Amino acid sequence: MDSPPSEGETSTSQGELSPSRTVSRSSMMESIRSYGLSRLAGIKIDTDELRRRLLMPQYLRLAMLDSITKKDVDGGDQHFPSSGSADVPCPESPMIVFINPRSGGRNGPVLKERLQKLISEEQVLDLDDVKPHEFVRYGLACIEKWANDGDFCAKEIRQNIRIVVAGGDGTVGWVLGCLGELNQNGREPVPPVAIIPLGTGNDLSRSFGWGGSYPFTWKSGIKRTLHRASVGPVSNLDSWHVVVQVPGGEVADPPHSLKAAEECSLDKTLEIEGDLPDKVNFYEGVFYNYFSIGMDAKVAYGFHHFRNEKPHLAQGPLANKIIYSGYSCSQGWFLTTCTSDPSLRGLKNILKMHVKKVNSTEWEQIPVPKSVRAVVALNLHNYGSGRNPWGNLKPKYLEKRGFVEARSDDGLLEIFGLKEGWHASFVMTELISAKHIAQAASIRMELRGGEWKEAFMQMDGEPWKQPICNDYSTFVEINRVPFQSVMVNGE
C-alpha cells in the first residue's frame, strides 16, 4: 500500500476532513453547493436584462438554423436585411446551448424548455436533432460569411459568441472536438465553452468550477448559470490525440470517440522491436480527461453494456453509481490473490510503456509496477466523480520524483496505477494517493497477449474491448493536440 498523505505525498493534513466525509445537508442546498452556485445565491438576475445580453437578432437566428437544416452555408440568405444591420442591437454575450436530452434522467426535456424560454428556441440546439459539427460547418459558417460581407451584427456575434453544453463529460468532449475544427481551419476565435453538468461523473465540469450536478429543484439556477457562462473568465485545456495500431484486425466495439483512420503513423524515433504483421489497421481519437487500460476499463465496459441492455434500471447518477459499484465487485478486482485466472493478473504481463518526460525529446522506458492492474493517464485534477487520485503533492516530493505541479494546460499527463480493488477504494476515498508512475508529454504503450486474448481500454468514460495476440503487438500512442480548447470558468 502507498504511503498515507501525511508522509509527504499530499499536502492535506490528516486532521482535515475530505469532502467525501462531510456531513450531508438538505438535498437542494447540497446540490447548489456542489454546482458552485452558492456564491451567486443572493444575487438577483433580471430575466429581461439577461435575455437582452444573450439573444441574437431574429434574422441571424433563422439564417443560422436554416443553414444547419439545409446543410448549406447559403441556406439562410433570405433572412438577411437588404438595408444592413447597423441599427440592429447586438447582444453583449451571444450564446448557443447544446443539450443532450438523454442526460439528467427525466429532467433533460424540462431543462431544454426552460432554456428555450429564457433565450430562444433557435439558440438551444437539441443534440438529437443538430450535431455539433453541423453547427460548426454550417451555422457558425453562415454567421462568418455575413460577418466577412460586412454585416456589423454578425461580426460582433462571431467575435463574442459563447457555447454552453448541457450534458455529461462525453457530450462536452464531443462538442469540444467539433470546435477543434475551427483551429485546424484557421477560423479563430474559438468560442469558449461552459458546462451544465448532467452526466454521472462530470469531472470536466468539476475541473472548471461548474460542479458535479445540476440543481434542478432550484428554479432560478438556470438564470445564474447563463449569467456565469456569459461573464466568466476563460482558461485553456489540453487535449490529447490517441493512435491505436492493431495487427491485421479491427477494434471490437469501438467507442464513439475512436474512428478508423487510413493515414496514421507512430513516432519513428522510437523503433519497434520484433516482427511487424503484413497488415495493420489504425484508429484515432481525442480525449480531454483520461485514457486508461486495465481493470477500471473492464468494469466500465460491463457497466455500459448493462446500461444499454437495461436502460430502465440506470436512471440518473445515483442509480448509475450503485450499478457501477456492483460491477467493481463482480469483475474480480477484490479477489486477485484468490484466483489464478490470467485475465486478473497485473498489467506488467502484457504491457510495455515508453514516455517522453518534461522538457525531453527522448523516449524512455518506464517499468510497469508488478502489482498494478489499471494504468491511467490523467489530464485533469478530477477523476471518478471528483476524486483526485494523483493528490496535491508537496514541493519536496515533486522535486524528488522530477515532477512538476499538475495542471490541465501544462502539456503533461499524470500517469498513475491502481492495484487491487481495496487499493482503488482507498484512493477513491482520498485516504491515500495512487501509485505514481510518471509525468509525460507523450506516451507509447505496447501490448502483447501471452495468455491474454483481450485488453480493456477507455477514453473519457467510453470503454471498449481490444483484442490482442501473442504474435504481434498492439500499440497505443498519445500526443498532445497542438491547439488548446477554451473553457469558461464557473468559479
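In what order do the six strands of the open sheet lie? The order is S14-S13-S12-S9-S16-S17, and the pairing is antiparallel. Strands here are DSSP runs of E with at least two residues, helices are runs of H or I with at least four, and both are numbered from the N terminus. Two strands count as paired if DSSP finds at least two bridges between them.

This is a predicted model, in which local features need pLDDT of at least 70 and side-chain atom pairs count only at pLDDT 80 or more, while totals for chains, interfaces and linings use all residues. Residues are numbered from 1 along each chain as its sequence is written, and side-chain values use heavy atoms, with hydrogens and water left out.

Strand S9 (residues 290–294) and strand S12 (residues 374–378) run antiparallel and are joined by five bridges. Within S12, alanine 377 is the residue that stands opposite phenylalanine 291.

**Salt bridges**

Side chains of opposite charge can pair when their charged atoms come close. A salt bridge is taken here as a side-chain nitrogen of Lys or Arg within 4 Å of a carboxyl oxygen of Asp or Glu. By this rule the model has 18 salt bridges.

| Pair | N to O distance |
|---|---|
| Arginine 61 and glutamate 122 | 3.1 Å |
| Lysine 71 and glutamate 134 | 3.4 Å |
| Aspartate 409 and arginine 407 | 3.0 Å |

Arginine 61 is in helix H3 (residues 58–70), and glutamate 122 is in the loop between helix H4 (108–118) and strand S2 (124–126), so this pair links parts of the chain 61 residues apart. Arginine 61 counts as buried at 11% relative accessibility, and glutamate 122 counts as buried at 16%. Buried means under 20% relative accessible area, exposed over 50%, and partly exposed in between (1.4 Å probe, protein chains only).

Lysine 71 lies in the loop between H3 and strand S1 (95–99), and glutamate 134 lies in helix H5 (residues 132–148); the pair therefore ties together parts that are 63 residues apart in sequence. Lysine 71 is partly exposed, at 45%, whereas glutamate 134 is buried, at 11%.

Elsewhere, a network of salt bridges links Glu49, Arg52, Arg53 and Glu92.
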